[in-house]
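Work through the exercises below with the model open. Try each task before reading its solution.

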Amino acid sequence: MSEYKKVYDFDQIINRRNNNSDKWTAYSKEILPMWIADMDFRAADEIIDGLVAMSQKGVYGYGKVRPERLLEAIVYRLQRLYGWTISKESIVMLPSLVTGFNIAANMVYRRNPNAHYLYHTPAYPPFIAIEQNVGTKGIGVPLKEIVEGNIIRYEIDFALMEEMVTPETEILMLCNPQNPSGRVFTKEELLEIEQFVIKHDLLVLSDEIHAELVWEGEHTPYATLSEDAKNRTITLISASKTFNLPGLSGGFAIIENDALRDEYHKAMIGLVPRMNVYAIKGAELAFDYGDEWLSQLKTYLTANRDHAVAELSKIEGLRLVVPEATFLLWLDFSDTAHKDEAYRRLLEAGVALNDGKTFGAEGNYVRLNFGTSRELLDKAITIIQNSLH
């Protein structure tokens, strides 16, 4: 590596209010937004330079349906990170991962209009919305909440999964690393999920969008567990969260079973647009040149996580998860003065978090995004602390 390695400044505060940012314009200018899961950091210079160069050509036509260079980059990255060998043919290009969830649900709905899908709660809200979007019935299975002092840890409740699965259940929507808890499920837990899936003959939709933002443990792609897992799994990945490119959109489904991939394609026809040229180029540049930026980002985010946990742990009655992955912090205000109104009271105090109710959580939870500068994170922590005085 060059001795002139670029050092990235994640402390830089960038004005995003004049850039059509949902995060920064959904609330008034008096509110500090710490909610939706995008980070406030500039992307890697190589990504910026590549996108600028493409823009300056001044031609914005259709992108390739299957861009060869990006397909090669995906294959190489999965092999390098996880020892996971896939063919380029197994990759399905998507305009977004949320689209990918809904395609899978549409696919099983076409098989069976009475189909059910299973997912763990608290859950990423688009998992919950699939039921309304597509018509398949969603069954939310609460994760087991284990509390030690002020620290919450979530584990899979396999007995409850057995109670709640139905003869009409067609698919398990798995989120690993899990959003909003930040759990990284161990290989042993995934193997137990596999036994459940085989027993009930389910497909698995595995959302692994945060797989490269892991702080504790090691990410195991579900599809790599066994030949059976490979043949019944739709894995969703993207450069968007890892390299802070969510506004470009775009992602990929990895489907190694030819028949399943063909069925998935048929559920897309006429409904799903191709990836746009910026999403294609951004992902290609990220996978090719973004690793040094990512290494420095992970150091910064880990320090932000530890700082936020230490400072917020000083609040009497507040419980929280120490996330093993993601830049998201799950907080429980049930035993604080905010009681069951934390989201509203914190908003009135000047900070916008995600309301835990939108994640299907019962209780007084909120989700905080610590993917920002330390200065803004400290400002948010101070607002939260002062709101309870």
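**Exercise 1. Count the salt bridges between domain 1 and domain 2, then examine the one formed by E324.**

Step 1. Five salt bridges run between domain 1 and domain 2. A salt bridge here is a side-chain nitrogen of Lys or Arg within 4 Å of a carboxyl oxygen of Asp or Glu.

Step 2. E324 pairs with R153 in a salt bridge. Their closest N and O atoms are 2.7 Å apart.

Step 3. Know the ground rules. This is a predicted model, where local features need pLDDT of at least 70, side-chain atom pairs count only at pLDDT 80 or more, and totals for chains, interfaces and linings use all residues. Residues are numbered from 1 along each chain as its sequence is written, and side-chain values use heavy atoms, with hydrogens and water left out.

**Exercise 2. Describe how domain 1 and domain 2 meet.**

Step 1. Domain 1 covers 22–46 + 289–387, and domain 2 covers 61–287. These bounds come from an automatic or database domain assignment.

Step 2. Over C-alpha atoms, they are 24 Å apart.

Step 3. Count contacts (heavy atoms within 4.5 Å). 38 residues of domain 1 touch 39 residues of domain 2.

Step 4. Take the buried area, the accessible area (1.4 Å probe) that two parts lose on being put together, summed over both. The two domains bury about 3100 Å² between them. Carbon and sulfur atoms hold 57% of that area.

Step 5. Find the main contributors. E324, T326 and F359 supply 22% of the area that domain 1 buries against domain 2, more than any other three residues.

**Exercise 3. Which elements give two or more residues to the side of domain 1 that touches domain 2?**

Step 1. Start from polar contacts. Each is a pair of N or O atoms within 3.5 Å; within protein, one must be able to donate a hydrogen and the other to accept it, and residues adjacent in sequence count only if both atoms are side-chain atoms. Between the domains, 25 residue pairs are in polar contact, both at pLDDT 80 or more.

Step 2. List the elements. They are α11 (291–312), β11 (319–321), β12 (328–332) and β15 (365–369). Helices (H or I, at least four residues) and strands (E, at least two) are DSSP runs, numbered from the N terminus.

Step 3. Pick the top one. α11 gives the most, with eight residues.
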